[in-house]
Each structure stands twice: as C-alpha cells, then as structure tokens.
Amino acid sequence: MWHKSAISIQARVSSRPLPVSGPPVGDPENIRFFVPMKITAFAASNSSRSINKQFVEHTLTHFPEAEINLLDLNNYDMPLFSVDRESNDGYPQQARDFLKQFEDTDLVIVSMAEHNGNCTAAFKNLLDWSSRIELKVFNDKPLFLTSTSPGKGGAKLSLAYAETRFPRHSAQLLGTFSLPSFNENFSPEAGILDEALKAEYLEKIAAVKGKVTF
Ligand SMILES: Cc1cc2nc3c(=O)[nH]c(=O)nc-3n(C[C@H](O)[C@H](O)[C@H](O)COP(=O)(O)O)c2cc1C
C-alpha cells in the first residue's frame, strides 16, 4: 500500500510558495496551509473523440479539490521509435516533456484504450521513447488504472498489459477498473449507468482516496 507520510507532506508544504487562498489551520506555533492534491491524468489514446478521455475526465470529477494536469497524447506525437533514430538523432523533446509530468504529482490516473488486444500504438510509442530516457517513467507515483471500449471486453486486455507493465516503470498500482460497453453504460451527465458497475467503480475510487493520504 502506498502511503504518504506526514513528514513528506510537511516537506511539500514548506517547499512550495504559500498559496494566496486557503486559511492557515492549527495553532500559530505550527501553521499548516492547505495544499491540494495534484493529479496527472491522461487517456492512452490519440483520438480527438476518445471515450477513454471522456472516462478519465469523469473520474477526475470524483476528486473535486485536486489540482488537475490532464494530458493530451497528441502533444507528445513523435516519430516511430527506432534504435537507429535514437542513435542518430537522440531523444525527442516530447518524451522529456512527458517524463516531467510525473515529477511533481501525488496521483496518476490513466484510462487505457485498446487496439487489437493491446494498448494503442500512439501510447506504446510514447512509452518506448520515454522509457529509453528513464525506465522509471512513473517516478514511483501511485496510479489508478481504468479502461473502456464500446465492446463487452471493456479494453481489459489493454488494462491487463498496463497492470503488468506499468509497475516495471515504477508506478505504484492502487487499483484498476474496466468499463465494458461504454455507449450503453456511460452518460456524460450521469456517469456510469449500470448500478453494479457504478458501485464497483465508486468502491475503487474510495479505496484510492484512502490510500493517498494528505
Ligand atoms: C485499429 C483498432 C483496433 C481495435 N481493437 C479493439 C480491440 O482489440 N478491443 C476492443 O475492445 N476494441 C477495439 N477497438 C475499438 C476501440 O475500443 C474503440 O475505437 C475505442 O473508442 C478506442 O478508445 P478511445 O476512443 O479512447 O481511443 C479497435 C479500434 C481500432 C481503431
């Protein structure tokens, strides 16, 4: 279980500029300031109509007090990884920029799209380039993984890939959730429509919140 200790929270508080809003709490001898949880999130898809982006945006609504950094994979578009490009041209700036997103965050949320039983080529290319610069892509941050697809499988194969692979890139996996049949089971206004799936999802969100303490 991932747990942020009081000591590291204190360090975070003192290392940041004081917020302009948010009252100090506690006695004057030991003043603490409210520092919002930082979440870095993305859908592992480069589709402008990505259902996983819709789903990740919905998941973020369950963290209303967090400071959100929602990434778009299209901002990290790079040539297809090859060892020849790597040795001839070095690393694209986009891969370095992607790695930076995990430097100062408290939680990572990723929703996996599935293409032919695996993650999308767009995401795999980004992972390939990034992992050559730094194997610990996720920088030891806690991770909540979701997936969805229009089919009954709910992109579970892509989710399973990420579940196995991301810890090797130093993600601290807190939980997973797969939403099948997105078009039937999800509405932007109401969220997850199926009661059993909604209950499972909310339970997992609560578990994630319980593990990332501030
Ligand atoms: C090339 C391709 C392969 C696909 N393969 C699968 C698949 O293996 N399993 C699946 O559930 N859906 C598959 N789909 C459908 C995707 O789940 C669907 O396009 C979904 O919207 C992708 O997620 P996104 O909208 O977040 O990009 C495939 C779609 C494409 C374009």
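Colleague: Let's count Ala, Val, Leu, Ile, Met, Phe, Trp, Tyr, Cys and Pro as nonpolar, Asp, Glu, Lys and Arg as charged, and the others, Gly among them, as polar. How do the residues of the shell around the ligand divide on that basis?

Modeller: Five are nonpolar, 10 are polar and one is charged. Bear in mind that this is a predicted model.

Colleague: Which residues are closest to the ligand?

Modeller: Of the 16 residues that surround the ligand, the closest are Ser45, Ser50, Asn52, Ala113 and Ser149.

Colleague: What about confidence? What is the mean pLDDT of the protein chain?

Modeller: The mean is 89, and 84% of the residues reach 70 or more.

Colleague: And where does pLDDT stay under 50?

Modeller: Over residues 1–22. For that stretch the model has 21 contacts beyond four places in sequence.

Colleague: OK, the sheet. In what order do the strands come?

Modeller: The order is β2-β1-β3-β4-β5, five strands in an open sheet with parallel pairing. At the edges are β2 (67–71) and β5 (172–179), each pairing on one side only. On average, neighbouring strands are turned by 15 degrees against each other, direction ignored.

Colleague: How many bridges pair β1 with β3?

Modeller: Six, between residues 38–44 of β1 and residues 107–112 of β3. Within that pair, Phe42 stands opposite Val110 in β3.

Colleague: Which helices pack on the sheet?

Modeller: Helix α6 (residues 156–165) does, touching β3, β4 (142–148) and β5, and its direction makes about 165 degrees with that of β4. Helix α8 (residues 195–211) also packs there, against β4 and β5, with its direction at about 165 degrees to that of β5.

Colleague: Back to β4 and β5. How many bridges join them?

Modeller: Seven, and the two strands run parallel. Thr146, for one, has Phe177 in β5 as its bridge partner.

Colleague: Is the β-α-β unit of β4, α6 and β5 right-handed or left-handed?

Modeller: The unit is right-handed.

How values were computed
Residues are numbered from 1 along each chain as its sequence is written. This is a predicted model: local features need pLDDT of at least 70, side-chain atom pairs count only at pLDDT 80 or more; totals for chains, interfaces and linings use all residues. A residue is near a molecule or strand if its C-beta atom, placed from the backbone, lies within 6 Å of it. Two strands pair if DSSP finds at least two bridges between them. Helices (H or I, at least four residues) and strands (E, at least two) are DSSP runs, numbered from the N terminus. Axes are lines fitted to C-alpha atoms, for helices over the stretch in contact, and angles run from 0 to 180 degrees between N-to-C directions. Two residues are in contact if their C-beta atoms, placed from the backbone, lie within 7 Å. pLDDT is the predictor's confidence in each residue, from 0 to 100. A crossover is right-handed if, with the strands pointing away from the viewer, the path from the first strand over the helix to the second runs clockwise.
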